[in-house]
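Take a moment to look over the sequence and the 3D structure. Then let us walk through them together, step by step.

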Amino acid sequence: MTPFEVKDCALLLRMSGLSPAGNLRELRERIAGCSENVLFHHYCETTLRTTFDNPDYRNDFAVWAKLYLGDRVLAERLGILDPYTFRSLEELRTATLEVIDERLGESLMVPWARPGDELFFLESTTVVFDAGIRITQPSRLGAFIRKMTDGSVYYHFLEARRRPPFGKDDFTLWLMENEDANRPYILALASVDFYFHSLPHLRRELASVLTEAKVAK
Amino acid sequence: MSAPLSAYEGIVGSAVIRQLRRMGEKLAGARIVHVISTREGGGVAEILEWMTPLMTELGLKASWEIIHGSGRFFEITKSIHNGLQGHHVAISGKDWKVYEDVNARNFGRLRPVREEADVVVVHDPQPACLIKLCERRKGKWIWRAHIDISRPFRPVWKVLRTFAEKYDASIFSMAEFAQPLPHPQFLVPPSIDPLSEKNRDLDPAELSGARAEFGLDPDRPLLVQISRFDRFKDPIGVIEAYRIVRKVTPVQLVLAGGGATDDPEGKAVLEDVLEAAQGDPDIHVLLLPSAAHKTINALQRLADIILQKSTREGFGLTVTEWMWKGKPVIGGDVGGIRLQVVNHHTGFLVNTPEGAAHRIRYLLHHRERIREMGGVAKEFVRNNFLLTRHLREYLTLFLAIRSGKEEPILQV
């Protein structure tokens with residue numbers, strides 16, 4: 001197998017240039033017209049951003065609906081949307097708009113936030129660099145993951161799903177170079193329900209399931 | 001003197017330090033100049049005191065420069081500061097001329113440094129108009145706004161904007177603090193140094209020494225707010241909250257704050273606070289020198305209940321410091337405090353003296369919640385608000401801005 005080259009990354013967060021949303025109708029308009037980079041940020045990059053580790057929901061739209069629109073029904077419906085189960089960000093956008101349209105249809109008035117509580121639309125640049133680490137043995141992958149930065153875990157296990165081949169993490173792709181021999185590790189990685197984990201939690205979980213797979217092997 | 005990077009390894013882990021060193025290699029030799037208005041007081045100077053040496057350790061050529069000004073200059077820049085935060089202030093054309101003249105004098109002194117730098121980071125409004133004077137700049141100039149300028153007094157912003165929009169980029173602590181500008185606006189929250197005199201662990205003798213120095217009763221709960229004597233910190237509201245609690249529980253209150261050479265308004269606020277205290281022996285109003293870091297640390301660790309009842313706030317680094325000491329915070333529901341204080345997890349957000357009094361009483365009657373929430377607060381700071389994260393974001397910004405590319409994924 002070719003050695004696994006560990007990359008690291010860091011987020012540089014910036015304003016998207018979109019006007020903030022002050023009510024649900026404005027949220028719908030912004031989501032319908034924003035770039036995929038903005039959508040990806042608010043659904044997927046929240047784990048790597050400076051934020052409280054255990055919010056009620058993983059995406060910013062659900063958190064805003066609950067805290068600032070005061071609409072718990074909408075928050076629950078948005079909160080369960082898992083971006084990694086959609087084949088593209090456009091499909092995710094469509095699903096998000098459907099949830100919002102449904103809620104607008106149910107509401108007697110458009111839910112709104114107080115001035116100062118608007119949702120700001122952000123995007124980021126992900127700066128990627130070589131971490132200078134090479135992994136040669138699949139059996140050592142868990143031990144290496146345990147010592148990785150949040151940036152490395154994010155880049156190889158989450159951000160990778162945005163790159164072709166769509167929906168695959170980098171660790172699994174590497175292990176598939178010798179699929180039969182590495183099947184226990186591949187299955188272990190596939191067993192992790194990762195979307196609701198913080199990155200420190202995800203790192204521990206990945207290291208743990210790979211260690212268990214190694215013992216079982 | 002700040003600590004070397006290796007000293008933080010035991011706090012943040014070796015992977016974080018390794019990551020910073022790797023990023024430093026990519027920026028080796030880059031010349032970075034920070035410009036601020038004072039070395040004494042205020043969170044900005046504290047940040048640069050550790051950031052500059054650490055950038056140097058990582059291989060960058062980092063330095064910071066101070067602009068010097070008269071008392072009148074700092075009165076004007078304080079008005080600009082207040083105006084940007086929404087206060088109605090009177091700044092005449094003559095005042096703006098003084099502001100520009102002082103910057104011009106400073107520019108003449110520092111011209112070679114700024115014309116040769118790869119990146120110049122100009123902090124806050126005081127030196128903001130320097131960019132207008134630097135026509136031959138070859139590096140990137142970034143304006144770093146540490147305060148909330150989302151609802152400025154328009155006449156002040158109208159003038160300052162003419163300087164701000166000349167920069168290549170700007171940095172705000174939170175999206176909520178920003179104003180639309182015709183260049184990329186990055187978001188970088190500030191941080192604290194866990195090894196500084198203000199945040200390091202203290203031994204019991206140091207704590208008891210501070211308690212004796214200020215005549216604090218060890219047997220009664222202690223409420224503390226530490227911040228500049230500034231109307232936006234609402235020290236009078238804290239005294240009102242104390243009086244409400246005092247009706248049912250015998251508590252003590254410390255209101256402590258430092259002065260800064262660019263904050264002439266502080267004296268007037270301090271006088272108002274002393275008048276509101278009405279000589280109550282259980283209200284301790286302390287005007288601390290800017291170097292009283294260990295005293296502030298001790299007061300934070302002695303406190304039972306911590307307040308930061310601001311009505312307008314920049315990021316609120318004091319809140320971060322409290323949380324690093326494992327204490328939940330009762331904070332004003334404004335600015336950066338909202339980013340840090342999560343109700344029932346790391347503290348409580350309040351809007352009124354009554355709300356503050358309610359939460360004080362709740363915590364005094366649920367001591368176990370103080371420990372639980374304090375533990376969560378400390379881990380929250382470890383993962384998000386220590387200087388290593390802050391340093392990483394600046395390095396990321398330098399890497400991105402030097403590349404000149406605006407792609408979502410940037411390989412360096």
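This is a predicted model: local features need pLDDT of at least 70, side-chain atom pairs count only at pLDDT 80 or more; totals for chains, interfaces and linings use all residues.

Begin with chain A. It holds 10 helices and two strands. Along the sequence, the pattern reads β-α-α-α-α-α-β-α-α-α-α-α. The C-alpha atoms of chain A fill a box of roughly 60 × 30 × 30 Å, taken along the principal axes. Of the 217 residues in chain A, 43% are buried. Now consider contacts in chain A between residues at least 6 apart in sequence. Of these, 69% join residues at least 24 apart.

Next, the domains. In chain A, the domain assignment gives domain 1 as 4-9 + 130-216 and domain 2 as 18-120. The centres of these two domains of chain A, taken over C-alpha atoms, are separated by 29 Å. Their contact takes 11 residues from domain 1 of chain A and 10 residues from domain 2 of chain A. Which helix gives the largest share of the domain 1 side? That is H7(A), with four residues. Chain B is also assigned two domains: domain 1 covers 5-191 + 386-403, and domain 2 covers 204-384. Here 28 Å separate the domain centres of chain B, again taken over C-alpha atoms.

Now pick out one helix, H10(A). It runs over residues 199-216 of chain A, which makes 18 residues. How far apart should its ends be? At 1.5 Å a residue, the helix should span 26 Å, and its end C-alpha atoms are 26 Å apart, so the two agree. Which residues of H10(A) are buried? They are A:Leu199, A:Leu202, A:Arg203, A:Leu206, A:Val209, A:Leu210 and A:Ala213. An α-helix has 3.6 residues a turn, so residues three or four places apart point the same way. The face of H10(A) turned away from the buried side carries the exposed residues A:Val215 and A:Ala216. What do the buried residues of H10(A) pack against? Their partners are three helices of chain A: H6 (141-146), H7 (150-158) and H9 (179-190).

E4 (residues 140-145) and E5 (residues 169-172) of chain B run parallel and are joined by four bridges. Within this pair, B:Ile142 stands opposite B:Ala169 in E5(B).

How many residues bring the two chains into contact? Chain A gives 24 residues, and chain B gives 30. E1 and E2 of chain A each supply at least two residues of the chain A side. E2(A) gives the most to that side, with eight residues.

Finally, compare two residues. A:Ala65 is found in helix H3 (residues 60-67) of chain A. Is A:Ala65 buried or exposed? It counts as buried, because it has 29 C-beta neighbours inside 10 Å. Beyond its neighbours within four places in sequence, A:Ala65 is in contact with A:Asp71, A:Leu74, A:Ala75 and A:Leu78. A:Ala113 is 48 residues away along the chain, yet its C-alpha atom is separated from that of A:Ala65 by 9.0 Å. The second residue, B:Arg111, lies in helix H5 (residues 93-116) of chain B. B:Arg111 is partly exposed, because 14 other C-beta atoms are within 10 Å. The C-alpha atoms of B:Arg111 and B:Pro182 are separated by 26 Å, and these residues are 71 apart along the chain.

Note on methods: Residues are numbered from 1 along each chain as its sequence is written. Chains are lettered from A and ligands numbered from 1 in the order in which they are written. The expected span of a helix is 1.5 Å times one less than its number of residues. A residue is buried if 20 or more other C-beta atoms lie within 10 Å of its own, exposed if 12 or fewer, and partly exposed in between; C-beta atoms are placed from the backbone. Two residues are in contact if their C-beta atoms, placed from the backbone, lie within 7 Å. Two strands pair if DSSP finds at least two bridges between them. Domain bounds come from an automatic or database domain assignment.
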